[in-house]
Amino acid sequence: MNSPNPALVTHRAAQRLPRLALLLFCAAYVLPGMFGRDPWRNADITAFGYMVSMAEGRSSWFSPTVGGLASDAALLPYWLGAAFIKLLGPWLGAPLAARIPFALLLVLVLTLTWYSSYYMARTDAAQPLPFAFGGEADPVDYARAIADGALLALIASLGLLLLGHETTPELAQLASVSLYLYAMSASPFRGWTAKLSVLAALPALAASGAPAIAVALGSIGVVLCHYSGYAPARRFAAWVAGSTVLAAATAWLLGAWGWRLDLIDSAGRVMSTLKLLAWFMWPAWLLACWTLWRWRRQLLHRHISVSLSCVLVSLVACIAMDGSDRALMLALPPLAVLASFALPTLQRSTAAAIDWFSVFFFSICALVIWVIYAAMQTGVPAKPAANVARLVPGFVAPFSLIELVFAAAGTLAWLWLVRWRTGRHRHALWKSLVLPASGVALCWLLLMTLWLPALDYARSYRPLIDRIAVHVPSGACVAAPQMSRGQIVALEYMGGYDVDSAAPLADTRCDILLRIEPRGRPRPAPAGWVFVARERRPNDRDEVTAIYRRDAAG
């Protein structure tokens with residue numbers, strides 16, 4: 001049944017974002033954070049440890065271990081990182097080599113989100129109403145403008161910032177969900193491209209550690225395709241069903257089937273999850289809700305139903321996993337597509353409110369970053385400098401001219417964008433998301449240039465390893481039965497130690513023991529071991545690492 005379309009878009013409003021500006025947006029979002037830092041705790045360095053262990057031949061590619069502990073995550077992302085470490089590690093270093101494929105996955109997510117929104121906007125039900133005397137938007141121009149808005153909405157999403165720049169399996173899951181969304185969107189238009197995409201997407205999602213989500217998406221996709229008004233989309237149902245079967249078989253072959261049901265069972269967890277939903281998906285969730293309201297008579301049409309189903313599956317997974325932000329991240333690309341369809345229906349006052357909020361919020365954030373950077377470099381203002389010294393004791397800020405130049409260029413670009421956006425009325429559909437997206441990109445750029453040394457010092461295990469190295473020579477065999485996988489990786493990769501964390505303490509072959517203890521509550525030395533020292537990460541106020549040496553007399 002045909003329903004009134006809420007989109008009224010003029011030809012002038014359907015202008016696309018200049019391609020150079022779009023590429024610069026993506027570069028400013030993807031590249032910062034790739035260079036000049038160690039793998040950070042905890043998930044980032046843990047995944048890196050399994051990758052480098054495979055690449056260096058210290059463990060099997062089918063059962064990787066660190067410190068004798070097997071991985072409990074999917075293998076496909078680890079294979080990807082290990083392959084790049086083996087290929088490029090000798091020239092670029094293992095950390096940077098491992099980040100390259102995951103940066104490419106993030107680029108793939110951005111690209112697929114753009115094309116998903118573009119093909120959704122090409123469907124008849126998503127097209128704006130024609131005007132009585134002409135002047136309406138061209139269908140292709142309209143679809144491009146909507147796609148530009150979707151890409152900006154994804155960049156503006158706060159939840160993608162840190163998780164999207166890690167070397168973890170969840171980024172491979174995100175790319176797989178984006179590929180599935182693209183296949184569903186393009187199925188009425190792209191034939192074999194869409195078929196091959198869906199055949200790759202769901203098995204890749206299962207092999208990346210989310211087989212249940214893959215099967216759920218495939219099952220819902222079959223239903224949506226079966227009831228589609230497009231004949232190519234109805235025929236596409238068989239391909240979605242086949243991909244779902246392949247996903248289940250892939251998970252079974254790789255032993256990836258696993259259920260982590262940890263439902264939210266307390267009022268405190270409910271509030272925590274609601275807060276996560278509010279900030280993690282900001283501002284896309286707000287625009288997506290507006291889309292569902294204004295397009296409520298078209299909820300069963302492809303441009304709404306496909307994206308909405310992907311979002312709901314991810315939300316259910318997040319709740320089933322006790323408010324997991326990594327499960328929620330999978331909702332961001334389809335949520336950005338939903339958010340883009342709010343743009344043709346936004347009132348001018350709403351767009352102005354988004355603009356002014358973005359101007360004030362991100363300008364204040366940028367100013368704070370610059371002030372604290374000045375305090376780290378010069379000691380002025382004194383209070384921020386004292387706060388930095390308290391939070392990261394022992395840190396001495398280095399000066400980098402290159403980082404300063406990039407940060408200054410990004411700040412000047414932000415000021416120009418603010419002047420451009422607020423100078424006079426703009427007609428493009430995507431105009432309301434330019435400042436939120438560029439504000440997020442600016443703050444990320446400033447953090448990963450001006451604050452990168454301090455953040456690396458605070459989030460890396462290297463300061464702790466340097467302190468342990470004073471008491472334990474490199475290459476020593478170290479027993480670490482109570483340490484986390486991230487700490488074990490740091491000991492192996494940064495310290496060069498031979499770590500045994502799987503054997504019981506009584507059976508260990510090592511002469512050095514490392515044990516985690518609560519700060520301020522030292523424990524007695526185990527029988528047969530002599531206390532050497534206690535060390536901790538400079539900004540860790542909860543735990544210390546106790547170092548023991550085997551008692552030669554025992």
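Mentor: Strands of a sheet pair through backbone hydrogen bonds, either parallel or antiparallel. Here β3 (residues 477-479) and β4 run parallel and are joined by 3 bridges; two strands pair if DSSP finds at least two bridges between them. Strands (E, at least two residues) and helices (H or I, at least four) are DSSP runs, numbered from the N terminus. This is a predicted model, in which local features need pLDDT of at least 70 and side-chain atom pairs count only at pLDDT 80 or more, while totals for chains, interfaces and linings use all residues. Residues are numbered from 1 along each chain as its sequence is written, and side-chain values use heavy atoms, with hydrogens and water left out.

Trainee: Which residue of β4 is the bridge partner of Val478?

Mentor: The partner of Val478 is Val499.

Trainee: What is the strand order of the open sheet?

Mentor: Its 5 strands follow the order β4-β3-β5-β7-β6, with mixed pairing. β4 (498-500) and β6 (529-535) each have a single partner strand, so one side of each lacks a neighbour in the sheet. From one strand to the next, the twist averages 30 degrees.

Trainee: Which strands does helix α21 touch?

Mentor: Helix α21 (residues 462-469) packs on the sheet and touches β5 (512-518), β6 and β7 (543-550). Its direction makes about 30 degrees with that of β7. Axes are lines fitted to C-alpha atoms, for helices over the stretch in contact, and angles run from 0 to 180 degrees between N-to-C directions. Helix α22 (residues 485-493) lies across β4, β5 and β7, at about 155 degrees to β4.

Trainee: How many residues has the largest nonpolar core?

Mentor: In soluble globular proteins, nonpolar side chains tend to be buried together. A nonpolar core is a set of buried Ala, Val, Leu, Ile, Met, Phe, Trp, Tyr and Cys residues joined through side-chain atoms within 4.5 Å; buried means under 20% relative accessible area, exposed over 50%, and partly exposed in between (1.4 Å probe, protein chains only). The largest core has 166 residues, and those with the most contacts inside it include Ile85 and Leu491. Helix α4 (residues 94-122) gives the largest share, 17 residues.

Trainee: Where do the buried residues of α1 lie around the helix axis?

Mentor: The buried residues of α1 are Leu22, Phe25, Cys26, Tyr29 and Val30. Viewed down the axis, they fall within an arc of 115 degrees, so they line one face of the helix; the arc is that of the directions from the helix axis to the C-beta atoms. The face turned away carries the exposed residues Leu20, Leu23 and Leu24.

Technical notes. Contact = heavy atoms within 4.5 Å.
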